[in-house]
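Reader: Can you walk me through this protein–DNA model? I'd like contacts first, then the aromatics.

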Protein chains: 2
Amino acid sequence: MLLSATTENYLKAIYKLNAQTTIVTTNNIALALGTTAPSATDMIKKLALNKLITHTKYRGVGLTAKGNKAALTIIRRHRLWELFLNKVLGFKWDEVHQMAEQLEHVSVPELIERIDQYLGYPKFDPHGDPIPDAMGKIAKHQYQSLLNENSGSLATIVAVTNDDVRFLKQLEKLNLTIGTKITILAKHDFDNAMEIKPMRKPAVTISEALAKNILIQLN
Amino acid sequence: MLLSATTENYLKAIYKLNAQTTIVTTNNIALALGTTAPSATDMIKKLALNKLITHTKYRGVGLTAKGNKAALTIIRRHRLWELFLNKVLGFKWDEVHQMAEQLEHVSVPELIERIDQYLGYPKFDPHGDPIPDAMGKIAKHQYQSLLNENSGSLATIVAVTNDDVRFLKQLEKLNLTIGTKITILAKHDFDNAMEIKPMRKPAVTISEALAKNILIQLN
DNA sequence: AAATAAATTTAGACTAATCTAAAACATTTT
DNA sequence: AAAATGTTTTAGATTAGTCTAAATTTATTT
């Protein structure tokens, strides 16, 4: 079944909100997509009509099995394109998201499968996010936020939960990229700022806003 | 300026018709795009309003400098993607056109420039069509159709003027691909069928419909 | 348990792109 | 040069997606 780019964006947003919040509301969706609540309501009706989501008036939405599968297909395309742009064409990790936002709507199954094959069936994209396989199976990572860790810990940065170019550029500057081993030197109670030392690089101080979006795995 | 995929398709069609016919008419455009004359008329009005084409009622359309530049940008994207899909991802020449039809509407200038660089600034796509450079300059090939050549000639196949999968598959089967050196053994007056011998391959008989879409250069 | 605030939906309108049927214009035939 | 044919345009409607303003429902205060 072929979906419009708009429909695909709604499904993707709902999928992501589903992972973040308990109930996915009209306002959440509108906010995530930079549109208005009435527009979201209209689209929600259409998606429900197409059995892609379930909707109880005034009570929020949920993905059906069909909608979930569709969302994973789009996320698969997005993440494979991101990795392809990064690994093959040499774009930086903060450049690939915006391009993938367009490329993810290109619907040619053989193309995505070929890219997957070309990259050697990778498991993660440049931001550490897992890539769903052709069947829609995805490695649900339960990594924790750096913010929740205490001083003294040794950890490895495994993913980031924000695609904002400014965020990614800042991390790069601080030597806090995916795969970097770090030591948590201190955590300040007042503002939740943290002192982090990346291996073989100088220690840095990062804000709560930054730490929150860095996912780690303890060593 | 950003154009919708529909607008881009209209400009591309008009550009191509411009090269084929003396006047580009509403019907031609509608036919090329698989739509109706009234739809084409409506779009023609909008394109003219945006100064992408000129239009005299009942008299046909022409591209403005702006429209021509836009058309070349789209054709550049299309042909670079075709070559990329063929050379990098290993798709066959009869598979790349349909995929490129979608990819050509992805509008990220740095992406196209990177692909161009990755491929080594190529001059031709897998069907022998010239790729416009970043400035919109295109090598206008004035190759002739195989149909216009007489028996006895030695020539090289340099391009094809049809992207139909069935056409391309048939050529492949007959060993008549881009770059193949051929000898024209005979041309039959009655139905314009031709006897062609590709170098190091068995001679074949081809119909007028086939010969018309094969472009050659005499050796 | 009213009153107020916040979120959601409906109502009605708009743009882009499309269509069929009918009218207007242009070309060709006789 | 009038008639017939063919092409192009207009008229009016439709669908997808969007919006603002108003109405409705749910949640929160007091």
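**DNA contacts and aromatic pairs**

Author: α3(B) gives the largest share of the surface near DNA strand C, five residues. Near means that one of a residue's heavy atoms lies within 4 Å of the molecule or strand. Helices are DSSP runs (H or I, at least four residues), as are strands (E, at least two), and both are numbered from the N terminus.

Reader: What ground rules apply here?

Author: This is a predicted model: local features need pLDDT of at least 70, side-chain atom pairs count only at pLDDT 80 or more, and totals for chains, interfaces and linings use all residues. Residues are numbered from 1 along each chain as its sequence is written, chains are lettered from A and ligands numbered from 1 in the order in which they are written, and side-chain values use heavy atoms, with hydrogens and water left out.

Reader: How many residues surround DNA strand C, and which are the closest?

Author: 22 residues surround DNA strand C. The closest are Lys57(A), Ser4(B), Thr35(B), Ser39(B) and Arg59(B). Of the atoms of DNA strand C that come within 4 Å of the protein, sugar and phosphate account for 74%.

Reader: Which polar side-chain atoms lie by a phosphate oxygen of DNA strand C?

Author: Among them is one of Ser4(B), 2.6 Å from a phosphate oxygen. Thr36(B) has one at 3.1 Å, and Thr41(A) has one at 3.3 Å. The elements giving two or more residues to the surface near DNA strand C are α2 (26-33) and α3 (37-49) of chain A, with α1 (5-20) and α3 (37-49) of chain B.

Reader: And the cut-off for a polar contact?

Author: A pair of N or O atoms within 3.5 Å. Within protein, one must be able to donate a hydrogen and the other to accept it, and residues adjacent in sequence count only if both atoms are side-chain atoms.

Reader: How do the residues near DNA strand C divide by class?

Author: Seven are nonpolar, 10 polar and five charged. Nonpolar covers Ala, Val, Leu, Ile, Met, Phe, Trp, Tyr, Cys and Pro; charged covers Asp, Glu, Lys and Arg; the others, Gly among them, count as polar.

Reader: Now DNA strand D. Which residues come nearest?

Author: Ser4(A), Thr35(A), Ser39(A), Arg59(A) and Lys57(B), of the 23 residues around DNA strand D. By class, the surface has seven nonpolar, 11 polar and five charged residues. α3(A) supplies the largest share, five residues.

Reader: Which atoms lie by a phosphate oxygen there?

Author: A polar side-chain atom of Thr35(A) lies 2.5 Å from a phosphate oxygen of DNA strand D. For Thr36(A), a polar side-chain atom is at 3.1 Å. Asn27(B) uses a backbone N or O atom, at 2.9 Å. Sugar or phosphate holds 74% of the atoms of DNA strand D within 4 Å of the protein, and bases hold the rest.

Reader: Switching to rings. How many aromatic pairs are there over all chains?

Author: Six. Rings of Phe, Tyr and Trp (its six-membered ring) pair if their centres lie within 6.5 Å; planes under 30 degrees apart count as stacked, over 60 as edge-to-face and the rest as tilted. Trp81(A) and Trp81(B) are edge-to-face, because their ring centres are 6.1 Å apart and their planes at 80°. Trp81(A) is in helix α4 (residues 65-87) of chain A and Trp81(B) in helix α4 (residues 65-87) of chain B, so the pair joins two chains.

Reader: Are those two buried or exposed?

Author: Both Trp81(A) and Trp81(B) are buried. Buried means under 20% relative accessible area, exposed over 50%, partly exposed in between (1.4 Å probe, protein chains only).

Reader: What about Phe84(A) and Tyr118(A)?

Author: Their centres are 5.9 Å apart and their planes at 65°, so that pair is edge-to-face. Phe84(A) lies in helix α4 of chain A and Tyr118(A) in helix α6 (residues 109-118), so the pair ties together parts 34 residues apart in sequence. Phe84(A) is buried, at 1% relative accessible area. Tyr118(A) is partly exposed, at 40%.

Reader: Which residues form the aromatic cluster?

Author: Trp81(A), Phe84(A), Tyr118(A), Trp81(B), Phe84(B) and Tyr118(B) form one cluster.

Reader: Where does the charged end of Arg114(A) sit?

Author: Over the ring of Phe91(B), 4.0 Å from its centre. The charged end of Arg114(B) sits over the ring of Phe91(A), 4.0 Å from its centre. The test is NZ of Lys or CZ of Arg within 6 Å of the ring centre and within 35 degrees of the ring normal.
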